[in-house]
Amino acid sequence: MLSLTEKRKVHSTLLVAAMADVSERTLQVSVLVAFASGVVLGWQANRLRRRYLDWRKRRLQDKLATTQKKLDLA
């Protein structure tokens with residue numbers, strides 16, 4: 001049974017060995033792609049949120065107008 005420090009040494013050794021196979025250029029490209037996809041995803045999520053808020057505002061304004069008409073007629 002390995003102790004906790006021995007497990008960490010093995011894990012860090014495996015991690016360094018795995019990182020040695022990845023070139024600097026590949027790492028840069030993957031970071032760039034991850035960042036760009038996050039920006040696009042956030043932009044689209046914000047567009048959907050704005051559309052929902054506009055829809056809700058229009059719906060509530062329409063409900064208010066109909067309620068005011070009902071009150072005026074009463």
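I began with Val22, which is partly exposed at a relative accessible area of 38%. The cut-offs I used: buried is under 20% relative accessible area, exposed is over 50%, and partly exposed lies in between (1.4 Å probe, protein chains only).

I noted the basis next. This is a predicted model, where local features need pLDDT of at least 70 and side-chain atom pairs count only at pLDDT 80 or more, while totals for chains, interfaces and linings use all residues. Residues are numbered from 1 along each chain as its sequence is written, and side-chain values use heavy atoms, with hydrogens and water left out.

**Fold.** I counted two helices and zero strands in the chain. Both terms are DSSP runs, numbered from the N terminus: helices are H or I with at least four residues, strands are E with at least two. Val22 sits in the loop between helix H1 (4-20) and H2.

**Surface.** I looked up the burial total: buried residues are 0% of the 74 residues in the chain. The accessible surface is about 7200 Å², and carbon and sulfur atoms hold 65% of that. Areas come from the Shrake-Rupley method with a 1.4 Å probe; for residues, only the protein chains shown count as cover.

**Patch.** Back to Val22. Together with Leu27 and Val31 it makes a nonpolar surface patch, with about 220 Å² of accessible area for the three together. Patch members need over 30% relative accessible area and no salt bridge; like charges are joined within 9 Å, nonpolar side chains (Val, Leu, Ile, Met, Phe, Trp, Tyr) within 5 Å.

**Salt bridge.** I found one salt bridge in the structure. It joins the side chains of Asp54 and Arg50, at 3.9 Å from N to O. The term asks for a side-chain nitrogen of Lys or Arg within 4 Å of a carboxyl oxygen of Asp or Glu. Asp54 and Arg50 are four residues apart in helix H2 (residues 24-73), about one turn of the helix. Asp54 is partly exposed at 38% relative accessibility, and Arg50 is partly exposed at 41%.

**Charge and ring.** I saw the charged end of Arg47 over the ring of Trp43, 5.8 Å from the ring centre. The rule wants NZ of Lys or CZ of Arg within 6 Å of the ring centre and within 35 degrees of the ring normal.
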